[in-house]
Amino acid sequence: MRVLITDPIADAGIDRLREAGHEAVTAYDIEGDALLEAVSDADALIVRSGTEVDAALFEAAPDLQIVGRAGIGVDNIDIDAATDHGVVVANAPEGNVRAAAEHTVGMAFAAARSIPQAHGRMAGGTWAKGEFLGTELNGKTLGIVGLGRVGQEAAKRLGSLGMELVAYDPYISEERAEQIGAELVDLEECIDRAEFLTVHVPLTDETEGLISDAELAQLEDGYVINVARGGVVDEGALAEAVEDGVVAGAALDVFAEEPLPADSPLRDVEDIVLTPHLGASTAEAQEHVAVATAEQVLAAFAGEP
Ligand code: MLT
């Protein structure tokens, strides 16, 4: 079988496919006609978030059996079109959970202690000790929007740093929330009580713009962290809220448009920390999701669930 891989994945996943006797072909940074041409004789396609898998792609790929997503989010894949063409879509929901949770912790500290800004001053030759007065995570309330796999792992880690945990998630039981030490509340109370607000939800019609002007005003001098999906937090509203001091600061890893446009208002705000979608970018996570995705492809070829 021919497996086309259009976003970089760890070698371990590619090796797994080749060891099983399949042809694994990499073609990164292709789009438009080049992508349609490349996929035309593929039996499987493996992507991360960089490839837009739309209806035209399924039309162009008559042999395609499976699209493997080496990661969690499938918002770059048109699931309805896949279903219409009888193509399985399989993600790798476990492999990068710890990496994303650890990045959330890093972003919380980065925002609370202005670590990137302080580094910037040092790199520029300035000893700006008097410019930065941080805040401790210990004793603060963490509001978690979305208590799924990553939300739970982030909660455990930040809870162990002495944060009090409140969470909003309409799909989880109170018992499960209690097991990880979080009090389940509605969205309004979650934002109201939060001093740090972290979102861990996919981007859907339900979550797009979930955190906007009104919610940021309600957060009152708190911090916003988003290592989940761009578009959940309204970027224009956030830039304005931090600039105006309505919100103390923010740390974002994901954006409504990626790569983040050069003229994004987020880039100009001193108290917003930005990273380029690095939540899953650890050697360990990339190896896990690459192998898990290869296994999904092999299962599909074997007609297994
Ligand atoms: C994911 O959905 O798994 C993450 O956003 C990681 C990624 O693809 O870079």
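This is a predicted model: local features need pLDDT of at least 70, side-chain atom pairs count only at pLDDT 80 or more; totals for chains, interfaces and linings use all residues.
Colleague: How is the protein divided, and how far apart do the C-alpha centres of the domains lie?

Modeller: Domain 1 takes 2-95 + 283-301, and domain 2 takes 97-274. Those bounds come from an automatic or database domain assignment. The distance between the C-alpha centres of domain 1 and domain 2 is 31 Å.

Colleague: And which residue classes make up the side of domain 1 that touches domain 2?

Modeller: Six residues from domain 1 and six residues from domain 2 take part in the contact, with a contact meaning C-beta atoms, placed from the backbone, within 7 Å. For the classes, Ala, Val, Leu, Ile, Met, Phe, Trp, Tyr, Cys and Pro count as nonpolar, Asp, Glu, Lys and Arg as charged, and the others, Gly among them, as polar. On the domain 1 side that gives two nonpolar, one polar and three charged.

Colleague: Which residues surround the ligand, and how do they divide by class?

Modeller: The shell holds Arg48, Ser49, Gly71, Ile72, Gly73, Asn96, His277, Gly279 and Ala280, where a residue is near a molecule or strand if its C-beta atom, placed from the backbone, lies within 6 Å of it. By class, the shell comes out as two nonpolar, six polar and one charged.

Colleague: What is the handedness of the crossover from β1 to β2?

Modeller: β1 (residues 2-5) and β2 (residues 23-26) run parallel and are joined by four bridges; helices (H or I, at least four residues) and strands (E, at least two) are DSSP runs, numbered from the N terminus, and two strands pair if DSSP finds at least two bridges between them. The path between β1 and β2 goes through helix α1 (residues 11-19). A crossover is right-handed if, with the strands pointing away from the viewer, the path from the first strand over the helix to the second runs clockwise. This β-α-β crossover is right-handed.

Colleague: In β9, what is the bridge partner of leucine 142?

Modeller: β6 is bridged to β7 five times, in parallel, and β6, α7 and β7 form a right-handed β-α-β unit. β6 also pairs with β9 in the parallel sense, over four bridges. In β9, leucine 142 is partnered by phenylalanine 196.

Colleague: Which residues of helix α7 are buried?

Modeller: Buried here means 20 or more other C-beta atoms within 10 Å of a residue's own, exposed means 12 or fewer, and partly exposed is in between, with C-beta atoms placed from the backbone. The cover over the buried residues of α7 includes α5, β6 (141-145), β7 (164-168), β8 (182-184) and β9 (196-199). In α7 (residues 149-159), the buried ones are Val150, Gly151, Gln152, Glu153, Ala154, Ala155 and Leu158.

Colleague: Is serine 114 buried or exposed?

Modeller: Serine 114 is worth a look, as phi is near 50°, a positive value in a residue other than glycine. Its place is in the loop between α5 and α6 (115-123). Because serine 114 has 22 other C-beta atoms within 10 Å, it counts as buried.

Colleague: What about aspartate 29, buried or exposed?

Modeller: Aspartate 29 is not a glycine either, and has a positive phi of about 60°. It sits in the loop between β2 and α2 (32-39). With 11 other C-beta atoms within 10 Å, aspartate 29 is therefore exposed.

Colleague: Which residues is proline 93 in contact with, leaving aside its neighbours within four places in sequence?

Modeller: Proline 93 lies in the loop between β5 (88-91) and α5 (97-113). It has 17 other C-beta atoms within 10 Å, so it is partly exposed. Its C-alpha atom is 8.0 Å from that of valine 289, 196 residues apart along the chain. Leaving aside those sequence neighbours, proline 93 is in contact with Ile72 and Arg149.

Colleague: Last one: what is omega for the cis peptide bond joining glutamate 258 and proline 259?

Modeller: Proline 259 lies in the loop between β11 (249-252) and β12 (272-274). For the cis bond from glutamate 258 to proline 259, omega is about -5°.

Methods. Residues are numbered from 1 along each chain as its sequence is written. Two residues are in contact if their C-beta atoms, placed from the backbone, lie within 7 Å.
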